[in-house]
Amino acid sequence: MKLWKRSIVSAMAAVLVLGAVTACNSSSNNGSSSASSDSPKKEAGGSDSAGQQTAKLRLLGPMTSNKYIKFDERDKYPVWKEVDKLLTDAGLQLDYEMVPSEQYKVVIQTRMASGSDLPDIVNISALDNTTVLNLAKQGVLLDLNPLIEKYSNGNIKKMYDTEFPYARKSTTSPDGKMYWFSDLHKKTYQGKDPAPVSLTMLLRKDWLEKLNLQVPTSAEEYMQTLKAMRDKDANGNGKKDEVLVYDPSNFYGAIAQWFGLGTEITSVDVENKKVVSPWYQDGIKDYFRYLQQLAKEGLLDTSLIGATGEQKQQKMTENQVASLSDYNLETYQEPTINGGGEFLPLMPLKAVDGITPAAQLEPPFLVWQKYAITKDCKNPEAAIKFFDTIYSDKYAELLYWGIEGKTYKKDSSGANVYIDNGSDEELAKSGLVPGIKLFGDTVFPRVQFANLEFELSRVPKYKADNELNVLNYKPYFVNMNGNYLAIPDDKQLETKTKILTNLSTYSSELATKLALGQKSLDNWDQYIADLKKLGLDQLIEIDQQLLDRYNSIK
Amino acid sequence: MATVRRNPNRIKQGSVAVDIILYAIALVICLITLYPFYFVIIMSISSPSEVAAMNVFWFPKGFFLGSYELIVRDTKMWWAYSNTLIYVGAGTLLNCLTAVLGAYPLTVRNLKGRKWVVTFLLIPMYFGGGLIPSYLLINKLGMYNTMFAVIIPGMVSIWNIILVRTFFTTIPEGLKESAFIDGASHLQLLFRVILPISKPILAVIAIYSIVGIWNSWFDALVYLPNEKLHPLQMYLYRVVVQQSVDLKMLSLEDTKNAVANMLSNIQLKYAIIVFTTLPVIFTYPFFQKYFIKGALLGSLKE
């Protein structure tokens with residue numbers, strides 16, 4: 001009898017545990033991320049109260065990681081009501097599955113690779129081009145061009161062909177098809193001129209004034225200024241610890257462009273439609289000589305080479321950074337300095353006779369992220385309707401600027417500027433956010449008509465002046481070369497990947513060692529021979545082909 | 001004293017100097033082991049600006065409990081906590097059950113093909129199916145995005161079965177035979193005779209499961225896109241991973257947001273580590289003696 005009792009008790013315990021598990025599971029499943037926009041669920045082709053046809057779509061994307069402004073609470077935000085109205089008017093009923101962004105990459109990789117039970121529209125930005133093109137080849141992703149031709153009301157074409165003529169070039173696959181929609185961004189000045197911002201060397205303005213130093217006008221003067229800041233103890237802590245934070249392992253630091261160098265192993269010279277490599281450019285040896293001097297003088301902080309963001313932040317917080325390479329309009333570094341400080345963006349400085357210093361610009365037009373329609377989409381017409389809604393002027397306004405009078409206003413020149421409604425925490429309470437904060441980077445593509453006027457209105461005059469000076473500056477290189485290259489085909493991609501694996505390692509090691517003087521410039525021919533052996537020339541050739549194809553796509 | 005020292009036959013007591021050196025080494029090892037814990041704790045209570053500057057080494061600088069306040073107020077954290085308790089509770093119970101049920105037949109002497117089964121068991125211990133096949137299986141079984149996706153696949157541990165089997169084989173055969181002579185069935189033998197004297201091994205399995213499940217997050221990463229089902233370690237993973245963004249690839253506006261995010265998270269990370277690790281650290285002392293037993297079991301094969 002005792003055994004019976006015991007087995008019954010243990011069986012009951014097991015049932016209890018399992019029961020608890022199932023109960024928790026089902027209750028939480030209902031109340032969470034996969035919440036429908038409307039409570040009554042209708043099948044595709046059903047009709048809503050107004051009698052209009054509604055179509056149901058399932059969307060999968062990452063959640064925004066903002067602690068205060070959450071997509072789950074979208075209904076309390078005025079901007080969402082407007083967007084929701086646009087979608088309802090288009091006859092769409094959307095079912096969202098939002099996955100935490102930190103987890104999204106793994107989730108999307110497994111889901112797409114398994115290829116079963118896919119949502120209609122999915123954000124596949126986390127997948128690289130090879131994976132995406134393979135999925136397209138397997139038929140998991142639909143070719144969008146015929147669908148656009150057949151179903152679109154013209155919005156998509158207007159944005160892609162008129163407003164953002166660069167978009168097609170970056171999203172047309174080698175087979176001539178288009179498999180994903182993208183985030184589109186452009187920044188203009190005075191309503192029409194493209195307005196690139198620059199990445200440049202920033203120098204402590206308050207230290208210049210404190211030590212009565214002139215703004216340097218050449219590379220040589222720049223070095224002397226750094227030296228003076230250190231030797232005269234600009235931060236006043238009694239130690240000679242004022243340094244330049246600069247990563248010599250790549251060419252992204254703006255000093256490289258003073259010597260006329262590109263920004264990557266292969267860089268696009270946009271104006272001349274040519275792919276160049278800094279390793280072959282004239283100023284390269286002088287550049288390394290200059291860095292060697294900086295390192296020898298102890299001005300370049302060698303302990304930070306290859307350091308993490310946190311380590312660099314530490315130097316910044318401790319008030320030791322005299323100069324660094326960053327956006328000319330940045331305003332996020334200054335508040336982190338203990339005791340405060342100001343960074344002055346420098347114009348490109350002359351370094352070598354015969355070489356005009358170049359600027360490094362962020363392209364004023366950006367195309368990034370991927371949003372695709374999958375093979376499991378039963379109603380492609382509705383999916384295209386969704387994207388027609390997204391690529392409308394109204395949506396673009398709601399997304400980037402929000403609601404006039406609430407989140408943005410017009411300044412005297414008629415340009416949009418944001419209204420400062422406080423921190424994220426306050427915004428979450430008042431609900432006065434532009435759409436981008438609430439649903440940007442999820443499964444809703446961004447369509448951004450940014451302007452320089454607002455950027456300039458929130459920075460000190462010396463930063464604004466630098467931006468206006470650099471606006472039409474030539475020559476320049478861009479920080480995102482990939483934006484000017486067409487999507488490579490299988491073979492090109494394979495070759496590129498193969499070459500880059502070894503070449504980038506070799507290049508960054510070589511650059512670091514040359515900069516620190518651990519390798520001599522005397523053996524230059526040997527280094528170039530090594531680079532050639534690793535496929536540098538072939539890489540330039542492929543990228544040139546991609547650039548040519550990019551320019552040929554209409 | 002002098003005479004004692006000259007006695008060649010005395011039992012050597014070891015020299016004081018060597019003792020001191022050994023103690024010193026032990027102390028250093030202790031410090032090396034404990035310092036990371038200590039570091040995380042003092043980072044979590046120092047003032048945020050000192051933490052961002054990485055200025056804290058030996059003692060907390062300033063005093064700030066804001067990060068803890070933020071965590072305690074976060075409902076997501078409490079969700080994760082309760083989920084972990086469910087996963088640990090259910091997982092541990094099922095693990096013990098399957099281990100006992102799996103191990104017992106393998107100790108029955110006249111069971112045909114017993115050796116073959118034991119060998120067969122070793123295969124999945126070393127080789128898995130891979131991520132995508134596992135995903136497909138879980139998905140087809142309808143367990144994707146449910147708590148079962150984490151509990152069911154982890155409920156059988158072959159390592160545990162082998163541990164229990166090894167323990168069962170140490171039980172004298174005579175005990176089993178006498179039970180049979182008294183008319184016991186296999187079930188009766190298992191539950192009334194063997195289990196009562198197997199508490200040590202059950203404790204070992206329980207603690208292995210508790211610690212293992214408490215620290216696991218990967219299954220949740222793959223199978224649970226719904227954050228309401230996330231265990232505590234997944235919550236921690238998200239906070240820690242969130243801030244490691246490659247700033248170089250972002251445009252001006254995005255960089256601004258990412259930097260703000262990064263700074264607010266530096267301290268939070270430490271507070272969460274303390275919060276998620278403490279419970280499992282506190283269970284260790286209670287199970288310590290069983291842990292040692294578990295380690296010994298492997299060496300006691302007959």
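What percentage of the 554 residues of chain A count as buried? The share is 56%, where buried means under 20% relative accessible area with a 1.4 Å probe, protein chains only.

## Basis of the model

This is a predicted model, in which local features need pLDDT of at least 70 and side-chain atom pairs count only at pLDDT 80 or more, while totals for chains, interfaces and linings use all residues. Residues are numbered from 1 along each chain as its sequence is written, chains are lettered from A and ligands numbered from 1 in the order in which they are written, and side-chain values use heavy atoms, without hydrogens and water.

## Chain A

Chain A holds 21 helices and 17 strands; these are DSSP runs, with helices (H or I) of at least four residues and strands (E) of at least two, numbered from the N terminus. The C-alpha trace of chain A spans about 85 × 65 × 65 Å along its principal axes.

Contact means heavy atoms within 4.5 Å. Of the contacts in chain A between residues at least 6 apart in sequence, 76% join residues at least 24 apart.

## Confidence

The complex has an ipTM of 0.77 and a pTM of 0.80 from the predictor.

Within chain B, confidence is lowest in helix H1 (residues 2-6), with a mean of 52, and highest in helix H8 (residues 148-151), at 94. Residues 244-249 of chain B have pLDDT below 50, and this stretch has seven contacts in the model beyond near neighbours in sequence.

Terms used. Buried means under 20% relative accessible area, exposed over 50%, partly exposed in between (1.4 Å probe, protein chains only). pLDDT is the predictor's confidence in each residue, from 0 to 100.
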